[in-house]
Amino acid sequence: MSRWLTLFALALVTTAALAIDTEAAFPDAPRQARYERWIHELRCVQCQNAAIADSPVGLASDLRRQVKEMIAAGQTDEQIKNFMTERYGDFVLYDPPLTARTYLLWAAPVLLLFITVGVAARVIVRRSKAPIDSDPEEAA
Amino acid sequence: MWRYFAPAGAFLALGALFAFALMRIGEGKLDIREIKSPLIGRQAPTFVLPSLTDPTRQIDSHVLAGKPYVFNVWGTWCGECRAEHSALLAIARQSGVPVIGLDWKDDQQQAVAYLAALGNPYAEVAADSDGRTAINWGVYGAPETFLVSAEGVVLEKHIGALSIAIWQQKFAPHLKSGGPS
């Protein structure tokens, strides 16, 4: 068991080593943290299932350069977000905004939770009414 | 009884939905990778870039104003661009709308040789060596083709290789003269 845990931990280490940037974009921690947050928030629209932080394609590196320049120029998060969505739409954001089109997307976890709780409650109530020593197959 | 049919019914409905979507993808009617451009209906981004064929000369997008133009993003590294090249040549010849090329992150000499070998459909080719203009146009994979109105508004965008059929269906209706048929 502990051997498997060790292997798993090693696998995590190698994944981290695959990050694309070889050196920090900024010398100071606050701006580097903002940069890291943004490159993980933006989707690589070319490869589509990776953030620009993790993609080796040319467009992802161009967009990382863009984020770096905008942070270096002192632009706000709102400005960076607007720059990206004006060009690539909300799809570029891994955290889609709450709009009429995304209500269902955002409501889905809550809806699924209600449905699950409702079904579970029904089953529990029904089972609790059944005689304890009865065979569940017969009760059903 | 319904407790047995409800899950089976839900499963069948989901299966039917997936089959429908997969068939639409197979027929080429649905592209799950396509991102609708937020630029449609808005002013086209401006640019000033060196000409591919004469790097000492700058191409300023402002001189394109006043008449519609096709804006085609391509590169010699892009296989699909080769596939659409003959369609681009036909459109440039017959539609009466100038085709402006954006050579995206390309090798200048290779691009010039490519046009010499395959024919040049472009009225102008701007060289976007650092990819900034492509980002401004929301480009995420060549080839991409835009139609810009005389007022400078983006009317249409096609992602992937262009064909005469796609031109007729998506682009020609925006123009008075229909273009190649």
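**View 1. The glycine just after helix α3 of chain B.** Directly following α3(B), B:G119 adopts a positive phi of about 100°. This is a predicted model. The helix itself spans residues 108–118 of chain B.

**View 2. The buried side of α3(B).** Which residues of α3(B) are buried? They are B:A111, B:Y114 and B:L115. These residues lie on the same side of α3(B), because they cover an arc of only 95° around the axis. Part of their cover comes from β4 (99–104) of chain B.

**View 3. The opposite face of α3(B).** This face is turned away from the buried side of the helix. Its exposed residues are B:Q109, B:A113, B:A116 and B:A117.

**View 4. B:K105 in the loop between β4 and α3 of chain B****.** Phi of B:K105 is near 45°. That is a positive value, and the residue is not glycine. Most residues other than glycine have a negative phi. Is B:K105 buried, exposed or partly exposed? B:K105 is partly exposed, because 16 other C-beta atoms lie within 10 Å, whereas a buried residue needs 20 or more and an exposed one has 12 or fewer.

**View 5. A cis peptide bond in chain B****.** The bond runs from B:A142 to B:P143. Its omega is near -5°. Most peptide bonds are trans. Where does B:P143 lie? B:P143 sits in the loop that joins α4 (132–136) and β6 (144–148) of chain B.

Note on methods. Residues are numbered from 1 along each chain as its sequence is written. Chains are lettered from A and ligands numbered from 1 in the order in which they are written. This is a predicted model: local features need pLDDT of at least 70, side-chain atom pairs count only at pLDDT 80 or more; totals for chains, interfaces and linings use all residues. Helices (H or I, at least four residues) and strands (E, at least two) are DSSP runs, numbered from the N terminus. The arc is that of the directions from the helix axis to the C-beta atoms. Two residues are in contact if their C-beta atoms, placed from the backbone, lie within 7 Å.
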